[in-house]
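Subject: Structure for your files

Hello,

Please find the structure below, followed by notes on what was found in it.

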Amino acid sequence: MSVQITSPQFKANARAALADAPLQQALSKVGLSFIGRRSAAAAKLPEFEALRDSARDIKNHTLAHLDLYLERYEQQVIAAGGHVHFAVDAAEARDIVTRICREAGARTVTKGKTMIAEEIGLNDHLEAAGIQPVETDLGEYLIQIRGEAPSHIIAPAIHLNKEQVEEDFRRVHAHLAPERNLSEPTSLLAEARGELRAKFLAADVGITGANFLVAETGTSIIVTNEGNGDLTQTLPKTHIVLASLEKLVPTLEDVSQLLRVLARSATGQDMSVYTTFSTGPRRAGDVDGPQAYHVVILDNGRSGMLAGAFREMLRCIRCGACMNHCPVYQAVGGHAYGWVYPGPMGAVLTPALIGIEKGANLPNASTFCGRCEAVCPVRIPLPKLMRHWREKEFERHLTPAPQRYGLAFWAFFARRGWLYRPATRLAMWGLSRLGKAKGRFAALPLAGGWTKYRDFPTPQGDTFQAQWQARRRAQAQGQTQRGGNR
Amino acid sequence: MTSSRDIVFASVRRALGATGQEAPRRQEVADRIAGHPRGIIPARADLPPAQKIDLFKDMVRAADATLDHLASVADVPLAIATYLRERNLPPTILRGADPRLAALPWASAPNLDVWIGPSDGRQLAGLSHAFAGIAESGTVVMLSGPDNPSTLNLLPDHHLVVVEAADVAGDYETVWTRIRAAYGPGVLPRTVNWITGPSRSADIEQTLLLGAHGPRSLHVLLVGAAL
C-alpha cells in the first residue's frame, strides 16, 4: 500500500479512532498481551539489562563507522555472488526493485514483511508496472486484501477483529465453499495457509526486508514466527532484500547480542521461531534457494540523521516495544499517526523522514511518561528526541498561533515571580471556590480542548509553591523549637 | 556522473565528519571483524555437558516442539516410523542426501518410504540433520548445501530434525565459532536457518496459533549422550 500521509491531521485521526468501537476493542488487547510477555521474558534472563547496554553500544559503534561497514558489507555480498544497489530516495528504490522484477520476467512477487516497502510505497508501484505483489505475513495479507496500511510494525493487523477477517476472507476467497466455518481464528489461519501456499510456489521473485545486515559475511537476516519471509526468500528464482542503511552490524557475534533482546522485547519469546541468514544466491550443487540475490540499500534521509541528536534513533531495531507500552498508541492505534511508523519510534522517525512540517503533530502526541525509553532494547531516549522535535517545531514557527501566544502569555508571568505567585494563587483560590460543590469542572474558559475529553479537577485551594513555602516555614519553626535537643 | 552509491557514501561521511581514509577508524573496523568479540553470554548457557543437554530439551519443549532422546543414531529410522504412525501420517518421509542420514540403518524400519531431494510443498514429513543445537533457547541450526535443502526446513507439515548431543552448544557464539572452523572466516553457507519451535502466528486478535506457513510440528530426534 502506498501510504497517504495523514500525519498533519493527527488530531482528527485520533478523534475518529477514539470513537471507533471495533478499533477500541482490538486495541484493548495490545497492552494485555505484549506488556506481560515482555516483562516475563526479561525477568527470566538475568543478563537482559546488560544485553540492552551491549545492543546500544554495538549500534553506536556501527553508526560511527557506518561508511566502512557498508563498504565491507558490499564487498562480501559481491564475493558471495550477490548484487548491492544503493537508493538515495524512495523513488529510486522503487525503480530498482521494479527493474529487477522486470528483468526476471516476474508476474507475481511474494513479499515477506518489510516496513521499507511500506515506506517507499512499493506495492502500488509494482501493480502499476503489471506485477502482482502478494503479502505473505498473515497480518500483512489481511491488510492487503482490505486495502489498508499496517497499524503496528510487528503486528500489522492488530486493529482488526476476527469477525472482520472472516468477512474479508468470504469476500476475497470467493472460490471456496460459502458454507465453510470461519468462526474461529484456527480456521482462518488454515484458510490463509492454504491460499498462500500456492502463491509461495508460483512466485517469480521474493521480496523481504532485513532485520540486520552483517558486514563480516555479507548476510541479510530476517526474523519471523510464521516462516513466511523464509519461504519468500527460499522458493522464488530471485530474492530481493530491501533494507535501510542503519541495519548494518559488524559481526555474527554482534547480531547474536541484538537477537537476544529483539524477540524478548517484541513478543516476549526467548527467540523467534525462524531466524534466517541469507548470503548470496544458491551455491554450486545446491538443490534449492534463489538463483539471483539482490540487496537494495535505502538512505531516504537517514544519512542526514547521522549528523545530530537523531543519530540515536538509527539504533532502532523495530521491535515495537515502545508502541506496545505507549498510552497514546494504546488509545488511538497506529493509523492515527498517519504514516508508516507509529508510536513513539514513529513520532521521532516520521518527522525526520517526511519533514517536521508534516510530522509536527506526532512528537506532540506524547505524555512523556517515559515508558517507551524504559523498555527500548537499544535505549533510545525517545522522550528527549520528541522534545527536540518540539523545540525545532517552535523555532520554525510551526506551532499553532494560540499555543504560541498562550506560551508567551504564561512566560510573561513565569519570568516575574513577584507577579506569577500572587496571580496563580488568586486563580487557584478562585477556581477552588467556584468548583467546590462538584469537585470538578466539565468546562473551563480557554481550556475547552482539555475539558472536551475529561473533567478538570477542582484545585485544592492554594498553589504548590505557596504550600511548599508554608511547609518550609513550619519545618523551620519546628526545628528552632527542637533545636536544643540536636 | 555521480552514482547513487557515491551520493550515499558522501552523505554518510559528511554527516560523520569522516573521509573514510582515516587509518585508526579503518583499523578499528578491521579489528572488530577479525576479532569478532563476544559480548554478554547468558550464564544459563554455560553448563556442564549433561545439564546443557537437559536445558536444550527443556527449551525445545518450551518452544512447543516435541523431542525424542534416543540412545543411538541407529534408533532414528524406527523413531521416525513410530512418530508418523502415532499421528496417522503415511509412512513416507523426504530427506536430503546428507551422508549422515544416508548411513542410518533404514532397513530397521522396513515399512518406511524414504525419498531424497528438496521439497516442492507436497510432502507431509521432512527429515534434516542439524549442524548444531543451542541450549539457551532450544534452537536447531540448519545449514544449506547440496545435501541439505532449505525447503525441507520450511515446507513439510512435519519437520523432523536429527540433532547429535555432541553438537549441542550452550550459546549462539559457540556455533559461529564452529561454522567459521568449517567454512572459513567471513563465509557462511547460502542459508543458515535457526529454528526454534514450529511455525506460528498471533496476527488474528493476538491469539497464538501453531502452523502458520512453515511446519505445524517440529520434532527433534536428539541422539546420544553429552560428551
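**Chain A**

Chain A has 24 helices and 12 strands, where helices (H or I, at least four residues) and strands (E, at least two) are DSSP runs numbered from the N terminus. This is a predicted model, in which local features need pLDDT of at least 70, side-chain atom pairs count only at pLDDT 80 or more, and totals for chains, interfaces and linings use all residues. Residues are numbered from 1 along each chain as its sequence is written, chains are lettered from A and ligands numbered from 1 in the order in which they are written, and side-chain values use heavy atoms, with hydrogens and water left out.

The C-alpha atoms of chain A fill a box of roughly 90 × 55 × 45 Å along the principal axes. Of its 486 residues, 57% count as buried (under 20% relative accessible area, with exposed meaning over 50% and partly exposed in between; 1.4 Å probe, protein chains only). If contacts (heavy atoms within 4.5 Å) are taken between residues at least 6 apart in the sequence of chain A, 73% join residues at least 24 apart. Chain A exposes about 19700 Å², and carbon and sulfur atoms supply 55% of that area (Shrake-Rupley method, 1.4 Å probe).

**One residue in chain A**

T232(A) is in helix α11, which covers residues 228-234 of chain A. Why does T232(A) count as buried? Because its relative accessibility is 0%. The side chain of T232(A) reaches the backbone oxygen of N228(A) at 2.7 Å. Leaving aside neighbours within four places in sequence, T232(A) is in contact with T110(A), K111(A), G112(A), T136(A), F200(A), G206(A), I207(A) and T208(A).

**Chain B**

Chain B contains seven helices and 12 strands. Its C-alpha trace spans about 70 × 45 × 40 Å along the principal axes. Of the 227 residues of chain B, 56% count as buried. Among contacts in chain B with a separation of 6 or more, 71% are between residues 24 or more positions apart. The accessible surface of chain B comes to about 9100 Å², with 56% belonging to carbon and sulfur atoms.

Chain B is divided into domain 1 (7-36) and domain 2 (48-223); the bounds come from an automatic or database domain assignment. The C-alpha centres of these two domains of chain B lie 40 Å apart.

Regards

Definitions and conventions
Polar contact = N/O pair within 3.5 Å; in protein donor to acceptor, adjacent residues only side chain to side chain.
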